[in-house]
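Visitor: Hi! I have a structure open and would like to talk it through with someone. Could you take a look with me?

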Amino acid sequence: MGNKELKYGLPDPRDDQPIHHESTSIWSKYIISYDHKMIAKQFLLFGIFWTFIGITMSLMIRWSIAFPGEAFPILGNLLFSDSNGVIPPDTYTILFTMHGTIMIFFSITPVLIGCFGNYLIPLMIGARDMLFPWLNMASFWLTFVGGLVMFASFFVPMGASAVGWTSYPPLASSPWSPGLGHSLWLVSLYLMGTASIMGAINYVATVIRLRAPGMSLWDMPLSIWGLWLTAILNALFLPVLASGLLLLLLDRTFGTQFYLAGAIAEEGTMGDFILYQHLFWIFGHLEVYIVILPAWGIVSDLLSFFSRKPAFNAKGTAIALTAISILSTVVYGHHMFTTNMAPLLTSAFTTLTLMISIPSGVFFINWLGTMWRGQIHLTTSMWFCIGMVFTFGLGGLTGLHLAAVSTNLMLHNTYFVVGHFHLTMASASLLGTIAALYFWFPKMFGRFMSERIGKVHFWLTFPPLVYIFCAQLFQGYAGMPRRYYHPYEYEFMKHLQGLNQYIWIAAIMAFLGLCLFTYNIFYSMYFGKKSGANPWNVGTLEWQISSPPPVHNFDVIPTVYNGPHEFSHPKQTDGRDWIAQDEYIEGISQKVD
Amino acid sequence: MSSSQTSKSNELGVYIVISSLVMLFSSLGLALLLVRDRFSVWPPLGSPEPHVLFGHLQSIAWLALSGLAFFLTSKKQAKPYFTFFTLLILVLQGSFFYSNIVTHFNFNQNIFTSFFYSLTTVHTLFSWLILGTLLYTLHNKEFRFFKTVSKLIHFLSLFWLFYFYSLTIY
C-alpha cells in the first residue's frame, strides 16, 4: 500500500505501523521491553509497591493522631526502637511529607496514567504500539530511577524530606532543612517529572497520529479523552513545577537566593519565598485534574458499559473535560488567598474557580443520565464507579467552600482541606483506578479478578474512605489544623480525639481492603477464571481482539464505523445489545471514506 | 513506518517538546518578573555589572544557525555551516563565561546574580544538548529531523534573546 493521506492530513495508520515480533529473551520481554502492554504492567507493579509504602505511612499518621504517645502496633518496636515504638515528632513530619509525595507521584500517577495510559491508548485507538516505543520504555526506567532516589532518601543522615509535600521555602531551604533528604526529594521529583513529560509526549502524539481510520476525536472512548487531556496538561505544566524546584535545588546546593528572605538574606538583595508558591501551585492545582481526568473519562465509559446504554451526552462530557482542563490552568490562586493577595485578584480567582463547577456539573449529570433507566449490571467494577461518582460529588461540593475567599480564609490549612482533597484527588481517583483494573484485568491477563473478593474489597474500601474524609471535614470545620503532631495539647481540640480514633478503625478497614485487593490481583493473574476475548460484551476496539492481546495488538489495523458506546440500538436485529466500533452494520454504522 | 511518516511523527514530537520548553523558560521568566517587580532599581544596588556582549552575540549566532537551516536542502550543504556556527557558539560561550568569571561574578552574591548565572547556565546546558542532537541527526543522515530540531532552536533562541535582554536590562 502507498502512504495515502486521509482527511485532516492524518496518515493512514494501516500502511505504516510495523508488526512487532515477540521477544524471546527474558531481558527484552520483561525488562527493557518496548511493548506498551508490558510497560503498563511494569508501571502497575511499581505503583502497587509504592502504594503499600504510602498507605502504611498514612496508618502511622492516623495512629499518631488517634493515640498520641502510644507505641505503633506490630511495626512500632521494629521501626522506632529508640522511642519504645512511639512515632517521634520528626518522623511524623517525614511521614506526612512522604505520604503525600508518594501517593501523588509514585502511586496514583504511575498506575492511573502510566499503567492505563500505556495499556489503553494504543489498544483503544486501534494502534499497534505507541508512536515512540523507545521513549516509552525510557519513561518507565526514568520513573524507576526516580523511585530509587526517593527510596534512598530515607537512609541518608537526618532522614528523608520533612517539609510537607508542597515543599514551601523558607522551611524547605537549607538553613531550616539541612541534610541531603530534601535535595534527594527534589532530584527524585525532577526525574519523575522528566519521565512524565516523556510519557506525555508519547500519549499526545500517539492519539494525534495513530488513531484508526474512521476514528474522529468524537469517536474516541472518553477514557482516551481523559488520558489525552491529562497528557497535554502534563507536557505543558510539569515544566512550571520543574522551574520552581530547580530554583529551590539551586538555593539548597549552590547558595543562590531565589527564595531567601528576611534575616538570612542581605538587606535589599533578598529573594521571595512567595515566588515558589506561584510556581508550585500553577502546577500543583493542575495536578488535581491531572490525576482525576483519566478517572473521570474511565468512569464515563464504564458507567455506559455496565448500564448497557450509550453514554448520555458523550460529546458534552468530552467538551466538559476539555473546558475543565482549560479552566484549571487559571485557578491556582485560591491556594494562596492567605498570602496577602490583592482583593481584586482574590475575586478573580474565586470566580474562575467557581466556574469549574459548571463543566463538572455537566458530566456529573451526564453520569446520572447514563445510568438512568439503564440495565445496570452491578459488577465490582460498576460498584467502584458508583462509589467514585459519590465521593467525587462530596469532594466537588466541599470544593466550593475553598474556592470562595471568605470561607477559604477560615478553613485554610485545616483538616477541611485535607478531607476535601482526599475526597477528590485521592478517593475519587483511587476508586476510578480500581474500577478500571477490575474492568481491564481480563484484557491484561486473560483472567477475571474474583468478583466475590472484589465485592468484599468494595465494602471494606468505600464506606471507610467516605467516613474518614467526611470526618476530617468536620474536624477542619471545628478548627483542627493539619500537620500537628499532638493536637490535643490545645484545649479546643481535645474533644476531637474520639473521632480520630474512629478514623483509625476505618483506616485499618481500608488497609485490609487494599491487602485483599492486592491478593486478588496476584491470585487472579495465575488462578483467576479465564475470561475469553470480550467478557463484558463491549464494543471498543481493545475487546475485539484476544485477551491478552498479541504483541502487535491488531493483525489488521481496524476501521472504525461506530462510536464507543453503541448499546441497545433499536435497529440491531442479531440479538446482541452491543455493536463493535469496527463492525459495519447497514443502516446503523457511518461509512468511512 | 515509512521515512516520511516517521519524519512527520518526529516533527510532532519536537513541537510538543518545544511547548514544554517554552513553558519552562516562561515560568523562569515569570519568576524573574515577580522578583524584579519588588525592586525599584534593577539590578539591585551593589550588584556587579555583567559582561553581556558575548551573550548577545551568542544568541544572534544561534538565531543565524537555526534560521539558515530553513533554506538548506541537503546534509552536504548543512555540514560546513553547522561546523562553523558550532565553533563560533562555543567560542562565544567560553568568552561569555570567562569575561564574567574574571569579574568575580558569582552565583550567590545576590538575587540578581543568582538569576543571571543560573539561567545562563541552564541555557548553556540546554544548548549543548541541542548541539549534540543536531550532530547526531546529521551524522545519521536524518536531514529532515535536523531541520525540525533547527526550528526548535530558532524558536527558543528568539525566546532567549528576549529573555536575556530583559534579564540584563537596567
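Predicted model: local features only at pLDDT ≥ 70, side-chain atom pairs only at ≥ 80, totals over all residues.

Visitor: Where is A:Asn537 in the chain?

Guide: A:Asn537 sits in the segment after helix 17 (497-527) of chain A. Its backbone is worth a look too, with a positive phi of about 55° although A:Asn537 is not a glycine.

Visitor: OK, on to peptide bonds. Which residues does a cis bond join in chain A?

Guide: A:Pro169 and A:Pro170, with omega at about 5°. A:Pro170 is in the loop between helix 6 (133-152) and helix 7 (181-209) of chain A.

Visitor: And which residues in chain B?

Guide: There a cis peptide bond links B:Trp42 to B:Pro43, with an omega of about -5°. B:Pro43 lies in the loop between helix 1 and helix 2 (53-69) of chain B.

Visitor: What is chain B made of, in secondary structure?

Guide: Five helices and zero strands. Its C-alpha atoms fill a box of roughly 60 × 30 × 20 Å along the principal axes. Of the 170 residues in chain B, 33% are buried.

Visitor: How many residues does each chain bring to the contact between A and B?

Guide: Chain B gives 27 residues and chain A gives 36 residues. On the chain B side, the elements that give two or more residues are helix 1 (3-36) and helix 4 (111-139). Helix 1 of chain B has the largest share, 16 residues. By class, that side of chain B has 14 nonpolar, twelve polar and one charged residues.

Visitor: Back to chain A. How do helix 15 and helix 16 pack there?

Guide: The axes of helix 15 (residues 415-445) and helix 16 (residues 451-477) of chain A come within 7 Å and cross at roughly 165°. That angle is why helix 15 of chain A is roughly antiparallel to helix 16 of chain A. The crossing is left-handed.

Visitor: Which residues meet there?

Guide: Among them are A:Phe416, A:Leu423 and A:Tyr438 from helix 15 of chain A, and A:Phe462, A:Leu465 and A:Phe469 from helix 16 of chain A. The contact has 13 nonpolar, eight polar and no charged residues.

Visitor: What about helix 13 and helix 15 of chain A?

Guide: The axes of helix 13 (residues 380-403) and helix 15 of chain A come within 8 Å and cross at roughly 160°. These two helices of chain A are therefore roughly antiparallel to each other, and the crossing is left-handed. Their contact has 14 nonpolar, 13 polar and no charged residues.

Visitor: Is helix 15 of chain A largely enclosed or open, and where does its kink lie?

Guide: 29 of the 31 residues of helix 15 of chain A are buried, so the helix is largely enclosed by the rest of the structure. A kink of about 45° lies at A:Phe439, shortly before the proline A:Pro442. Just after helix 15 of chain A comes A:Gly446, with a positive phi of about 75°.

Terms used: Residues numbered from 1 in each chain as written. Chains lettered and ligands numbered in written order. Contact = placed C-beta atoms within 7 Å. Helix = DSSP H or I, 4+ residues; strand = E, 2+ residues; numbered from the N terminus. Nonpolar A, V, L, I, M, F, W, Y, C, P; charged D, E, K, R; others polar. Axes fitted to C-alpha atoms, helices over the stretch in contact; angles between N-to-C directions. Parallel < 35°, antiparallel > 145°, perpendicular 65-115°, else oblique. Left-handed = near helix turned anticlockwise from the far one by under 90°. Bend = angle between axes of the 7 residues up to and from the residue. Buried ≥ 20, exposed ≤ 12 C-beta atoms within 10 Å, placed from the backbone.
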